[in-house]
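Biologist: Could you take me through this model, beginning with the ligand and then turning to the sheets?

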Amino acid sequence: MTAAAAHTPSAYPLDRIRADFPALAQQVRGKPLVYLDNAASTQKPRQVIDTLADFYRHDFANIHRSVHTLGERATARYEAARETVRRFLNARRAEEIVFVRGTTEAINLVAQSWGRANLKEGDEILITAMEHHSNIVPWQLVCRQTGARLRVAPIDTHGELILEELAKRIGPRTRLVSVVHMSNALGTLNPVKEIVALAHARGIPVLLDGAQAVPHLPVDVQALDCDFYAFSGHKLYGPTGIGALYARHELLEAMPPWQGGGEMIRTVTFEETTYNDPPFKFEAGTPAIAEAVGLAAAIDYLEGIGWEAIAAHEHDLLEYATARAGEVPGLRLIGTAREKGAILSFTVDRVHPHDLGTFLDHYGIAVRAGHHCTMPVMDFFQVPATVRASFGIYNTRQEVDLLIDALKEIIEVFG
Ligand code: C6P
């Protein structure tokens with residue numbers, strides 16, 4: 001049987017997609033690699049690898065500085081990548097896309113620029129109990145700097161946000177609501193459009209952490225009506241070290257710079273500096289040029305497959321894996337929200353998640369075991385850690401079978 005097993009919708013070009021990812025063809029510990037750690041980072045298609053190599057071979061130079069041919073070519077490709085990200089998020093204008101290192105840097109940028117300029121003693125930032133540490137700690141830092149405080153909307157035992165409780169916490173002191181679009185620890189897809197509507201009804205801006213959402217579903221910042229949207233390229237089949245912050249243009253214009261250096265200035269004297277326009281005001285120093293170009297290649301690649309096809313394929317994998325997980329003795333799913341992305345987080349009786357992760361590696365199966373940078377979620381479910389299998393565009397039902405069979409064997413021996 002080919003990788004495109006019988007159950008996959010026949011239109012989905014699974015074999016062709018798998019052939020695009022050189023890393024998938026290898027053996028790990030004498031077994032074919034089963035890569036189920038996509039929520040941590042995805043593998044890269046040759047279209048992205050070749051774009052990076054090609055760019056370095058022919059077009060590389062620093063950007064926005066040099067009038068020579070390579071400088072102009074590199075600048076054009078970097079700015080074309082910004083336009084690709086604009087199209088990808090359906091932002092109104094390319095100036096609303098700030099290139100950053102990833103989601104973490106995007107949220108820190110908002111906290112240190114928008115936050116320090118707009119927060120004061122007694123103000124509140126509202127987040128949820130399922131946030132990744134990068135949507136908690138930057139706010140704690142800015143709260144310490146400004147005297148603002150962090151409020152947290154609770155989740156239920158399925159790992160769903162309790163929307164009425166979030167609504168109750170939006171009050172006269174709330175200055176920003178910052179919420180994960182899709183949880184990395186639970187898979188929960190949050191009702192972000194409703195959350196934005198609730199906050200906007202009180203004139204409060206909303207940041208969405210899209211790190212996990214963008215690889216799985218089309219995102220339209222105009223339809224969502226959010227004010228900030230953050231994502232990382234490396235979870236989107238693109239390079240590391242690149243990601244983007246979308247922010248409404250009027251917000252970016254009003255926000256002060258957060259890092260000083262080259263490129264973000266208009267004029268500099270020892271007495272005074274004037275700043276460049278957004279997005280350049282927020283891109284101090286030489287940026288990740290080739291990585292931005294590689295990110296655009298990844299977006300083009302995904303758009304070539306089509307979001308509907310990707311969503312259908314991953315939904316099928318999640319449903320299949322969830323059903324088969326029921327066969328594993330002592331397995332407890334952590335995160336059973338009605339609306340979920342392709343993440344299966346679980347514990348099993350009597351085998352620590354870290355040991356399970358190590359045993360699975362002996363079967364050639366790569367999963368993540370740990371707290372997933374969501375310690376408050378682990379505390380809520382009273383587990384030290386979970387094992388997380390996260391699926392991507394190239395995973396197959398056969399790989400789910402290998403995971404389930406390996407779990408059964410491990411539990412028989414060690415459980
Ligand atoms: N989650 C995971 O294994 P960076 O590291 O900046 O690219 O992304 C941070 C981040 C922010 N929000 C969410 C919801 C995330 O899932 C992540 C990264 C990885 O789950 C690494 S901890």
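Biologist: How far from an oxygen atom of the ligand does a polar side-chain atom of Arg 388 lie?

Modeller: This is a predicted model, in which local features need pLDDT of at least 70, side-chain atom pairs count only at pLDDT 80 or more, and totals for chains, interfaces and linings use all residues. Residues are numbered from 1 along each chain as its sequence is written, and side-chain values use heavy atoms, with hydrogens and water left out. A polar contact is a pair of N or O atoms within 3.5 Å; within protein, one must be able to donate a hydrogen and the other to accept it, and residues adjacent in sequence count only if both atoms are side-chain atoms. For Arg 388 and the ligand oxygen, the computed distance is 2.7 Å.

Biologist: What percentage of the ligand does the protein bury?

Modeller: Accessible areas come from the Shrake-Rupley method with a 1.4 Å probe, and for residues only the protein chains shown count as cover. Taken alone, the ligand exposes 510 Å², and the part of this that the protein buries is 87%.

Biologist: Which side chain has an N or O atom 2.6 Å from a nitrogen atom of the ligand?

Modeller: Around the ligand there are 17 residues, and Ser 232 and His 234 are among the closest, where near means that a heavy atom of the residue lies within 4 Å. An N or O atom in the side chain of Ser 232 is 2.7 Å from an oxygen atom of the ligand. The nitrogen atom of the ligand, at 2.6 Å, faces the side chain of Asp 209.

Biologist: Which strands stand at the edges of the open sheet of 4 strands?

Modeller: Strands are DSSP runs (E, at least two residues), numbered from the N terminus, and two of them pair if DSSP finds at least two bridges between them. The order in this sheet is β13-β14-β17-β16, with antiparallel pairing. Each edge strand has a single partner, so one side is left without a neighbour in the sheet, and these strands are β13 (331-333) and β16 (368-370).

Biologist: Which residue in β17 stands opposite Ala 369?

Modeller: Strand β17 (residues 386-390) pairs with β16 in the antiparallel sense over 3 bridges. Opposite Ala 369 stands Val 387.
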